Every structure is written in C-alpha cells, then in structure tokens.
There are 2 protein chains.
Amino acid sequence: MRYYEDMFVGQKRRFGSRLVARDEVIAFASHYDPQPFHLSDEAAAKTHFGRLSASGWHTGAMVMRMLVDEQDAAGHQGLGSPGIDELRWVRPVYPGDTLSVETEVLDKRRSQSRPEMGLFTSATRVFNQHGEVVMTMTAKAMIRTRDPDGAD
Amino acid sequence: MRYYEDMFVGQKRRFGSRLVARDEVIAFASHYDPQPFHLSDEAAAKTHFGRLSASGWHTGAMVMRMLVDEQDAAGHQGLGSPGIDELRWVRPVYPGDTLSVETEVLDKRRSQSRPEMGLFTSATRVFNQHGEVVMTMTAKAMIRTRDPDGAD
C-alpha cells in the first residue's frame, strides 16, 4: 500500500501505454467537445491540427486512467485532487498514437486541518510513440497518511 | 460570427445548464477515473467526498460542452487551446447537481507567427444549482482573426 509517507520529492515513475482509438476520439468529442477538428479529418485539415485530433479533455482523461491504473497496482491511497497548477497541450494527439506518462513528485506536505491526509504536487509529462511530449501538467493530489500523528 | 476582433478584455458571459446524471458520472469514471469515490456512494462515504462525486475530468468535460454550445450558438471561430493556467476543483460535484458557467476575458493578443489567429485568456467559474462555485479555471484559447492584417 502506498501512503503519504511513501512519497518523496524527486520520486519519478514512468508507465502507461494507451492506444488512442479513432472511434473513441470521435465519441468523446461528440459528447463533450464537438469542435470540428475533433470530429473529422476534413474540418481539421482547414486548421493547424492538420487532421482529426483528440480533445484536450479526452487526452487529460486518458492520462488520468493511466495514473489511476498505476496507483491501483501500487495500492495508492489517493483522495482526489484540489486542482491543476498548469496544463499545456503541446502537440496534437492523433488517432493511432500511443500515449505514455512520466510523473515526478515536486513537493509534499501534511494537511493542517485533516491529519489523515497529505498533499503532494506532481509534474506529469505525456509522450506519444515518437517520444514527443504531447501534454504537460503540474497538479496537486491528496493521499491518506499511514500515521496521522506522524511528523514528516 | 465571432472572431478575434469581437473579443474584448472584461467581456463576461453567463450560460449553460447541465444536469449531472448519476449514470453518466459512473460511466465516465469507469472509463477514465475509476477511483472508488467516483464509482459508489459506499466508497465515497469513507472519504471527505461524503457521497458519489463526479471525476474532476468529467466536470471539466461537461464545462467544455457548455462552452462549445455557447460558442456554436455565437458562430465563435475557435481554434483550440494551448492550455490551462490554473484549475481548481473547489467543491464536489454530485449526481443531481445542475452546473452553469460564467466566463470573463482577461487578455487578448494576436499571434506573432500565425496572423490568421489570435489568443485570449479567460477566467471560468462553474456554479452548482445552489450558486456555489464548484470549479474555477483560467485557460488560454485560440480564435480566427477576421482581418489577418489588423492591428488591434
């Protein structure tokens, strides 16, 4: 099981392999982000995207799934997230791409008001199969403490 | 049609009415964010969420749909987004909530490298049916210029 006490600044993890399926790109965009360049190659060709590209929210959601799968495998005692400090969609994500993730812990602290909880900040970089960065994100997250009376 | 030239700093819009459906909360979380508090009331009751709450990525996606619907109605010539400067999930979003959105333009500038494009930054606040803020976001977006040779 992975608790607050098991996180340390500088800790890096590399994981995930998510194929971006064309049907899923169009289904997600149809529900949540029906801008033309997320729905068809023809519309995307008239923009800097060039061809059908995943919604940035879809990319974020696919990244989240890779994060959760890694955390489940580790018994990570996550308690959600208060937010994102910065997110950049650096390059388009295309159907057929395979995404992977690298995370690094930037800082950690115990919650003052909730001793059962700690907070940490992570830098996340998302790569496509060419090793190109397609998304970066700095985000906060909460995690259970093993020892609510601990000092670290 | 709404082009870069039609955006101005201080411009505010209030729109959207999105019911958060329980089935959709669970379906989204099952695909993209299968943390226990996004899947069942029982698991959420053991955390500060209290009961089943929407994934923050799902909330962001629902907000994006309200943004796109408003933009479609206005003929907004959007060209995607380079990223988010800050996002905060302020309060849990529960099944049965109805979300709405307020946006304000914070700044705008023409692209140096792509005269057919301008960039602007918006502050977005998301409310539930009680008028409580559930999410805030400061994000950048691209939009077509009406006149690529314009000076404003």
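Analyst: Strand β4 (residues 117-127) of chain A and strand β5 (residues 133-144) of chain A pair in the antiparallel sense over 11 bridges, where two strands pair if DSSP finds at least two bridges between them, and where strands (E, at least two residues) and helices (H or I, at least four residues) are DSSP runs numbered from the N terminus. Within this pairing, Gly118(A) has Ile143(A) of β5(A) as its bridge partner. The model is predicted, so that local features need pLDDT of at least 70 and side-chain atom pairs count only at pLDDT 80 or more, while totals for chains, interfaces and linings use all residues. Residues are numbered from 1 along each chain as its sequence is written, and chains are lettered from A and ligands numbered from 1 in the order in which they are written.

Helix α3 (residues 56-74) of chain A packs on the sheet, touching β1, β2, β3 (98-110), β4 and β5 of chain A, with contact taken as C-beta atoms, placed from the backbone, within 7 Å. The direction of α3(A) makes about 120 degrees with that of β1(A); axes are lines fitted to C-alpha atoms, for helices over the stretch in contact, and angles run from 0 to 180 degrees between N-to-C directions. In chain B, α3(B) packs on the sheet as well, touching β1, β2, β3, β4 and β5 of that chain.

The whole is an open sheet of 10 strands with antiparallel pairing, in the order β1(A)-β3(A)-β4(A)-β5(A)-β2(A)-β2(B)-β5(B)-β4(B)-β3(B)-β1(B). β1 (12-19) of chain A and β1 (12-19) of chain B stand at the edges, each with a single partner strand, so one side of each is left without a neighbour in the sheet.

Where the chains join, β2 (residues 83-89) of chain A and β2(B) pair in the antiparallel sense over 4 bridges, and Gly83(A) stands opposite Arg88(B). The contact takes 28 residues from chain B and 28 residues from chain A. On the side of chain B that touches chain A, α3(B) gives the most, with 8 residues.

A rotation of 180 degrees with 0.0 Å of shift along its axis superposes chain B on chain A (RMSD 0.0 Å), by least squares on the C-alpha atoms of residues with pLDDT of at least 70 in both. That is the relation of a two-fold axis, and in chain B the C-alpha nearest the axis is that of Glu86(B), 2.7 Å from it. Because 100% of the interface residues of chain B are also interface residues in chain A, the copies meet through the same surface.

Methods: Contact = placed C-beta atoms within 7 Å.
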